[in-house]
Amino acid sequence: MVDVTPADAVPPAEVAEMELYHPHSWWTKYVFSQDAKVIAIQYSGTATAIGLVALVLSWLMRLQLGFPGTFDFITPEAYYQFITMHGMIMVIYLLTALFLGGFGNYLIPLMVGARDMVFPYVNMLSYWIYLLAVLVLVSSFFAPGGPTGAGWTLYPPQAIMTGTPGGQEWGIILMLVSLILFIIGFTMGGLNYVVTVLQARTRGMTMMRLPLTVWGIFTATVMALLAFPALFVACVMMLLDRALGTSFFMPAVVEMGEQLQHNGGSPILFQHLFWFFGHPEVYIVALPAFGIVSDLISTHARKNIFGYRMMVWAIVGIGALSFVVWAHHMYVSGMHPYFGFFFATTTLIIAIPTAIKVYNWVLTLWRGDIHLTIPMLFAMAFIVTFVNGGLTGLFLGNVVVDVPLSDTMFVVAHFHMVMGVAPILVIFGAIYHWYPKVTGRMLNETLGRFHFWVTFLGAYLIFFPMHYIGLMGVPRRYAEMTDVTVMTESAHHLNSFISIMAFIVGFAQIVFLFNLIWSIRHGREAGGNPWRATTLEWQTPQTPPAHGNFGKELPIVYRWAYDYSVPGAKEDFIPQNMPGTFGPSREPA
Amino acid sequence: MAETTLTHTGQTESRPAGWQGIAADWSSDQRAFKNVSWGKAMMWIFLLSDTFIFGCFLLSYMTARASTRVPWPNPSEVFALRIGGSDIPLILIAIMTFVLISSSGTMAMAVNFGYRRDRRKTAILMLLTAALGATFVGMQAFEWTKLITEGVRPWGNPWGAAQFGSTFFMITGFHGTHVTIGVIFLIIVARKVWRGDYDVGRPGFFTSRRGRYENVEIMGLYWHFVDLVWVFIFAFFYLW
């Protein structure tokens, strides 16, 4: 990594120019497009649309919880359906698809200096299969019996039994088929992201010069390729249990006084398979957020990221560790105490690389030239929120503390803080940050600040009280708790308060969507590099980048992504593709 | 696959041995796996992911088998064929395994002739591989039919644990699907080889990209993987 100065020190291209498909018609340009940027926007649009459905579902749930008995159309069955669909959509179809399919597709080729993903055709298929998965999921709302109400974890045996909404109707089948399709589609995209990062970087772009955004998305994608298989297998087996009457997960069950034909299956096996996917999934969502927020903080604090190498190793370490912690979701499943001891230990070990990351973000901010732009506000809000959510994770990671807290609203508050609100804050920050590159215009500042403050403060007003009522012992997944001792008068009031806040925060998201659409035409012209950032996507000849991203010549990278405020340099940022030596760079040697 | 596996990059080929070499590759420019094309890298990573799928299937099968309280049907009786008046245990499965492993051999030869630009032999060997694969699937269909006529169902069987039938049909079915997909793609690639697509650089119908003879090798990676998986299924299902 000595090739900082002379251009001729850059090694020759190892790979010939990528052969791109050049669209001939409107259809192949905007609909069946093989351009990763268009695919990214398709992914993001679809994910946002289905995310809105999940948002409305959360409102409906809050209506019921905050004002029980007021709304007749929310039956207990419907409540379970809302819970299930809300959870599944948010985790899989919104967060995973948006981070990897949306941001991954847009940013990876641009940031590593490639013209496109390595296999654009497969990449296109990935989106269309994802869309099909979403449509199958949505169709379950209109199927006889409605969508499944098994809870987003779909635990058997109840997931496929009569008492559960959709259990013996269409709901569960459509859910499982949709998940299987999602995994197939994701695999097609995921292989592309991984190979593009590994094998299609531009000259000078070593792995240790990649922006942390790419590191986060890359590691998350590798994890997803290894974790989704477990969900795939679980879905196939449950589908067979439901459709063919096999007994993989079904023990002998007496239902309504009648012995079911199932016999000898293991519900715990499903839990293991599900959480072998489910826990890495938390980090599949979190790692891209970690990466993106690192870049947001560095850019908007005009300072190099603190401890770049440690940041990379922390990402990789978290990714690896997250495969050996899954059973901490199963402490109350009756597992052997030593088993719990092992998983509690590994769970707490994850706190170390995570804490390294938090310290490094704070130290990046330390004495930085902090610009309180909207992306920066969201980034800082993320740090605070993530620490909050992470600390309650330490509670729940310990078996003895988890057992009384398990299945209470405390758990709901914890994971919404850490994997709901925190990554979503990063997504918002990232959208405010990269929107100018995608559209050429800035998002409206006033609306943006309104959106930020309402979302940030509102999220706390929703989830802080929720921790409290959880500690009081209020269980989750109950549609109505009017005559239960744990539901005190104050808990009721808090519930109503949370519901009202949920509506306000939800309303702010509508404002945000309005801003997204309004600014396409009416936003301030952004220019090519409004944030004065170093990474390659801001150095493209056109904004938005044209097909093939980089004009005639691919950029050559001479430095890492974090040369901000280098003493002696004319500007306070040095783009990655600018040759020459400027002052003491902090790039690790 | 537009890009070529450049073996002459102008860089010195000498790399440090062992871990240092791995570290040198990973910290190097442009590509983490030197001289590995995109297509080949993608296939390897896909196979890694697929390994996890089969791994989960087999682990679930082992869990089911180890935890059932009902006796497990005896494989050497269940999978026996009555030939010439005597029951020969595992005979069909032995033939199936032999056929599939042989197809790996023909596939490897096809890869070799592909790199020698011998269109005819490559295509013939690929078609032979496909034929062996189809034979395997055919014999699997025969075995399924036999078991079904004997009363084995996904939800139960005459001899013991219901999970026997469920795991058997699921796992062999999933593997058979892999083989079938492999056969289809073998035929497609063989046709391209035969027609000389890789010599003249004819763009693909869907991808509009020019393929290369390396596609034969990538196809081979998949095929060998499917064979390897079969060895594990064979060991865990029929020999346990």
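Tutor: Gladly, and let us begin with a term. A residue is buried if 20 or more other C-beta atoms lie within 10 Å of its own, exposed if 12 or fewer, and partly exposed in between, with C-beta atoms placed from the backbone. This is a predicted model, in which local features need pLDDT of at least 70 and side-chain atom pairs count only at pLDDT 80 or more, while totals for chains, interfaces and linings use all residues. Residues are numbered from 1 along each chain as its sequence is written, and chains are lettered from A and ligands numbered from 1 in the order in which they are written.

Student: Which residues of α8(A) are buried?

Tutor: Helices here are DSSP runs of H or I with at least four residues, strands are runs of E with at least two, and both are numbered from the N terminus. Helix α8 of chain A covers residues 308-321 and reaches 20 Å from its first C-alpha to its last. The expected span of a helix is 1.5 Å times one less than its number of residues. The buried residues are A:Y308, A:M311, A:V312, A:A314, A:I315, A:I318 and A:G319.

Student: Within what arc do the buried residues of α8(A) fall, seen down its axis?

Tutor: The arc is that of the directions from the helix axis to the C-beta atoms. The buried residues of α8(A) line one face of the helix, because they fall within an arc of 160°.

Student: Against which helices do the buried residues of α8(A) pack?

Tutor: Packing is judged by contact: two residues are in contact if their C-beta atoms, placed from the backbone, lie within 7 Å. For the buried residues of α8(A), the partners in chain A are α6, α7 and α9 (337-365).

Student: How many residues of α5(A) are buried?

Tutor: First, its length: the end C-alpha atoms of α5(A) are 42 Å apart, in agreement with the 42 Å that its 29 residues should span. The helix is largely enclosed by the rest of the structure, because the buried residues number 26 of the 29.

Student: Is A:I172 buried or exposed?

Tutor: A:I172 sits in helix α5 of chain A. Beyond its neighbours within four places in sequence, A:I172 has contacts that include A:T148, A:I160 and A:R242. Since A:I172 has 30 C-beta neighbours inside 10 Å, it counts as buried.

Student: Which helix gives the most to the side of chain A that touches chain B?

Tutor: The contact involves 43 residues of chain A and 45 residues of chain B. On the chain A side, α5 (171-199), α6 (212-244) and α7 (267-300) each supply at least two residues. With nine residues, the one that gives the most is α6(A).

Student: How is the side of chain A that touches chain B made up by class?

Tutor: Ala, Val, Leu, Ile, Met, Phe, Trp, Tyr, Cys and Pro count as nonpolar, Asp, Glu, Lys and Arg as charged, and the others, Gly among them, as polar. Sorted like that, the side of chain A that touches chain B has 28 nonpolar, 11 polar and four charged residues.

Student: What share of the residues of chain B counts as buried?

Tutor: Chain B contains eight helices and two strands, and its C-alpha trace spans about 65 × 40 × 30 Å along the principal axes. Of its 240 residues, the buried share is 37%.

Student: Which residues of chain B does UniProt list for "transmembrane region"?

Tutor: UniProt positions are given in the numbering used here, feature names are shortened, and annotations may be inferred rather than shown by experiment. In the model, residues 41-62 of chain B are 100% helix, with end C-alpha atoms 31 Å apart. Residues 219-239 of chain B are also 100% helix, and their end C-alpha atoms lie 29 Å apart. The unreviewed UniProt entry lists residues 41-62, 88-111, 123-142, 162-189 and 219-239.

Student: Where is A:M256, the residue with a positive phi of about 50°?

Tutor: A:M256 has that phi although it is not a glycine. With 8 C-beta neighbours inside 10 Å, A:M256 counts as exposed. Its place in chain A is the loop between β1 (254-255) and β2 (258-259).

Student: What is omega for the cis peptide bond that joins A:P156 and A:P157?

Tutor: A:P157 lies in the loop between α4 (120-139) and α5 of chain A. For the cis bond joining A:P156 and A:P157, omega is about 0°.
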